[in-house]
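Reader: I have a structure open and I am new to this. Could you show me how to read its features, one at a time?

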Amino acid sequence: MRHIFVIGIGAGDPDHLTLQAVKALARTDVFFILDKSEERQDLIRLRRRILAEHGRPGHRLVEAPDAERDRTTPAYATAVDDWRVRRADLVEQLAVEHLGEGETGAFLAWGDPSLYDSVIAVVDDVRARGTVAFDYEVIPGISSVSALAARHRTTLTRVGRPVQITTGRRLAEGFPEDVDDVVVMLDGRAAFSGIDPEGLEIHYGAYLGTPDEILVAGPLAEAAPRIRELREAARERKGWIMDTYLLRRSAD
């Protein structure tokens, strides 16, 4: 039986690897790398560094252009569904062509693969098709959310209060009701700038765990202009941004 690992490799620091991830890397015959864009070559180099240090001798590396998602259509859910189908087509092809009977393959997922990542759903889809038989295992990783809290030396929750994890798209609709602590991910348009900042604090992080890391914290009204300035300069310099933040109502 073929076997596939979905391995969480952390938010950007090679030292985020868990011992479980290191052991899985050492058992893998072939690693599949889906390239998102030429702009993110530094992330590909980080993956290569991890594999050079922890991959088993003689492992193979298969790289393929990732499926592109239509980010212009207002039909968000339809675009994501279409993207995942095309991703599954690609993963199916890679498994058929490069994963031999009895071999182990792996996909390396940034942060934790269970949090806003499509790899698990895609692998499930491919497995259900039945074209290639395999079992698979998910190795959790240090998420950008955990890294954010650690770098700001804070906790995600406060006594007796829940925390909600959401996206920039949903935050743009308004700060969630009946919750005081909100973690925001996948925010390509600085949604924190469009909400009422009264009584809100922000703990912001971009490129967490990398040499380009950006950290800002403080009252939202004061910090938002600084964050916008920093993230736009970073996007201009690198061509992409990978950030997350915690919004918190100040204690009464």
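**Reading the fold, step by step**

Author: Let us start with a pair of helices: α1 and α2 are roughly perpendicular to each other (angles under 35 degrees count as roughly parallel, over 145 as roughly antiparallel, 65 to 115 as roughly perpendicular and the rest as oblique). Helices (H or I, at least four residues) and strands (E, at least two) are DSSP runs, numbered from the N terminus. Bear in mind that this is a predicted model, where local features need pLDDT of at least 70 and side-chain atom pairs count only at pLDDT 80 or more, while totals for chains, interfaces and linings use all residues. Residues are numbered from 1 along each chain as its sequence is written, and side-chain values use heavy atoms, with hydrogens and water left out.

Reader: At what angle do the axes of α1 and α2 cross, and within what distance do they come?

Author: Two packed helices are described by the angle between their axes and the distance between the axes. Here helix α1 (residues 19–27) and helix α2 (residues 41–54) have axes that cross at roughly 80° and come within 9 Å. Axes are lines fitted to C-alpha atoms, for helices over the stretch in contact, and angles run from 0 to 180 degrees between N-to-C directions.

Reader: Which residues of α1 and α2 meet?

Author: On the α1 side they are V22, L25 and A26, and on the α2 side I50, L51 and H54. The residues of this contact divide into 5 nonpolar, 1 polar and no charged (Ala, Val, Leu, Ile, Met, Phe, Trp, Tyr, Cys and Pro count as nonpolar, Asp, Glu, Lys and Arg as charged, and the others, Gly among them, as polar). Contact means heavy atoms within 4.5 Å.

Reader: Now the sheets. In what order do the strands of the parallel sheet come?

Author: Strands of a sheet pair through backbone hydrogen bonds, either parallel or antiparallel. This open sheet has 5 strands in the order β3-β2-β4-β1-β5, with parallel pairing. Its edge strands, each pairing on one side only, are β3 (60–65) and β5 (134–139). Two strands pair if DSSP finds at least two bridges between them. Strand β1 (residues 2–8) is joined to β5 by 6 bridges, and I7 stands opposite I139 in β5.

Reader: Which strands does α1 touch?

Author: Helix α1 packs on the sheet and touches β1, β2 (30–35), β4 (104–109) and β5, with a direction at about 145° to that of β1. Another helix, α3 (residues 76–98), lies across β2, β3 and β4, running at about 150° to β2.

Reader: Which residues touch the most other members of the largest nonpolar core?

Author: A nonpolar core is a set of buried Ala, Val, Leu, Ile, Met, Phe, Trp, Tyr and Cys residues joined through side-chain atoms within 4.5 Å. The largest has 42 residues, and I7, I202, Y204, Y245 and L247 touch the most other members. Helix α7 (residues 220–238) gives this core its largest share, 5 residues. A second, separate core of 20 residues includes V6, V62, A88 and A95.

How values were computed: Buried < 20%, exposed > 50% of the residue type's maximum accessible area, 1.4 Å probe, protein only.
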